[in-house]
Every structure is written in C-alpha cells, then in structure tokens.
Amino acid sequence: MIIGVLNGPNLNLLGTREPAVYGTTTLDEIVARCGAVAAELGAEVRAFQSNSEGALIDQLHTWRGVACGIVINAGAYTHTSLALRDALAATSLPFVEVHLSNVYAREPERRHSVLASGAIGLVCGLGASGYEFALRGLVQTLRSRS
Ligand code: DQA
C-alpha cells in the first residue's frame, strides 16, 4: 500500500521556520518517521514537497492509480487553492489533512480550509507527531474499507 505524503510551501524550512509555531523537527525527520511508521503498518511512503502550486498538482496527478491515499499539509495553499482541491478530487484518493499548528486558534484567514470538506479526516495542532497520527488513521481507514 503506497501512501503519498505531500507538503506545500515553506514546509521545506521546518526546523528553523518560526519554531515557536511549527516546532524544531525538520521535514526530513518527519518524512523519515512517516517511512518508519508506514513500514510498521506494512505500507510505503512516497514524499514530495514543493513551494509551487503547479508542482504539487502535477505530483498529485502522478499518484493517480499509484497511491492508495494521501497525507497532505498544503501550507498556506490550504486556505486559498481551489486548484489543489480540484486536483485532490480528480485523483479520487482518500486524504487526511495535517497542520502542525492549530489553525483554528490562529488568525481568522487561517481558520478556513478549502480542502477539508473533501478529507476523510483532519489532524492539527499536534506538531510533527500529527503526520504520524494522520498516517495511522489513513491506513486504518483504508484497510477497514477494503
Ligand atoms: C500550516 C498552517 C498554515 O496556515 C501555514 O500557512 C503553513 C503551515 C501548519 O502546518 O500549521 O505553512 O499548514
């Protein structure tokens, strides 16, 4: 079972980017942890990060028919990108939305996700561990459906 882990803009800077908000764990460490958890679950992770909306959409297209589900932190595109929402819908892949911070306790413009209505679940505010929880929840949900 292949799971795509998709990270959007500025998440390549995790570790040093606003550590009081996003913590000190790097994206490489998050991806490594996802890989270890996936192996434990008998799954496999393919990770991709880009600061470009188009590149994220292209990557989603390549996971069509390849991945079984997606863990996505779309960064600020979460709040704006109908194109990313359309791409997720076009893949028909179940996805879990993740945010390191609790976006619902932040500025009003971060309290709306254009992606969430299509998600099977959402994890936010639990820092880097949120990716692991999202992955476990996604794999469990996929297994219960099959
Ligand atoms: C974020 C929250 C977004 O509002 C922000 O633009 C990010 C990171 C999070 O993980 O908490 O880049 O997705």
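Contact, in this talk, means heavy atoms within 4.5 Å. With that set, take S81. S81 touches E53, V114 and L115, leaving aside residues up to four places away in sequence. S81 is found in the loop between strand 3 and helix 4 (82-91). Helices (H or I, at least four residues) and strands (E, at least two) are DSSP runs, numbered from the N terminus. S81 is buried, with a relative accessible area of 1%. Buried means under 20% relative accessible area, exposed over 50%, and partly exposed in between, with a 1.4 Å probe and protein chains only.

A word on the source. This is a predicted model, where local features need pLDDT of at least 70, side-chain atom pairs count only at pLDDT 80 or more, and totals for chains, interfaces and linings use all residues. Residues are numbered from 1 along each chain as its sequence is written, and side-chain values use heavy atoms, with hydrogens and water left out.

Now the ligand. Which residues are around the ligand? They are R17, Y22, N73, G75, A76, H79, H99, L100, S101, V103, R106 and R110. The cut-off there is one heavy atom within 4 Å. This shell divides into 4 nonpolar, 5 polar and 3 charged residues. In that scheme, Ala, Val, Leu, Ile, Met, Phe, Trp, Tyr, Cys and Pro are nonpolar, Asp, Glu, Lys and Arg are charged, and the others, Gly among them, are polar.

A polar contact is a pair of N or O atoms within 3.5 Å. For S101, a polar side-chain atom lies 2.6 Å from a ligand oxygen. For H99, the distance is 2.8 Å. For R17, a side-chain N or O atom is 3.0 Å from a ligand oxygen. Taken alone, the ligand exposes 320 Å², and the protein buries 99% of that. Areas come from the Shrake-Rupley method with a 1.4 Å probe.

N10 has a positive phi of about 75 degrees, yet N10 is not a glycine. E18 also is not a glycine, and its phi is positive at about 35 degrees. N10 sits in the loop between strand 1 and helix 1 (19-22). E18 lies in the loop between strand 1 and helix 1. N10 is partly exposed at 36% relative accessible area; E18 is partly exposed at 43%.

Last, helix 5, residues 129-145. Its buried residues are G130, Y131, E132, A134, L135, L138, V139 and L142. What covers them? The cover includes helix 2 (27-40), strand 1 (2-7) and strand 4 (95-99).

Note on methods
A polar contact is a pair of N or O atoms within 3.5 Å; within protein, one must be able to donate a hydrogen and the other to accept it, and residues adjacent in sequence count only if both atoms are side-chain atoms.
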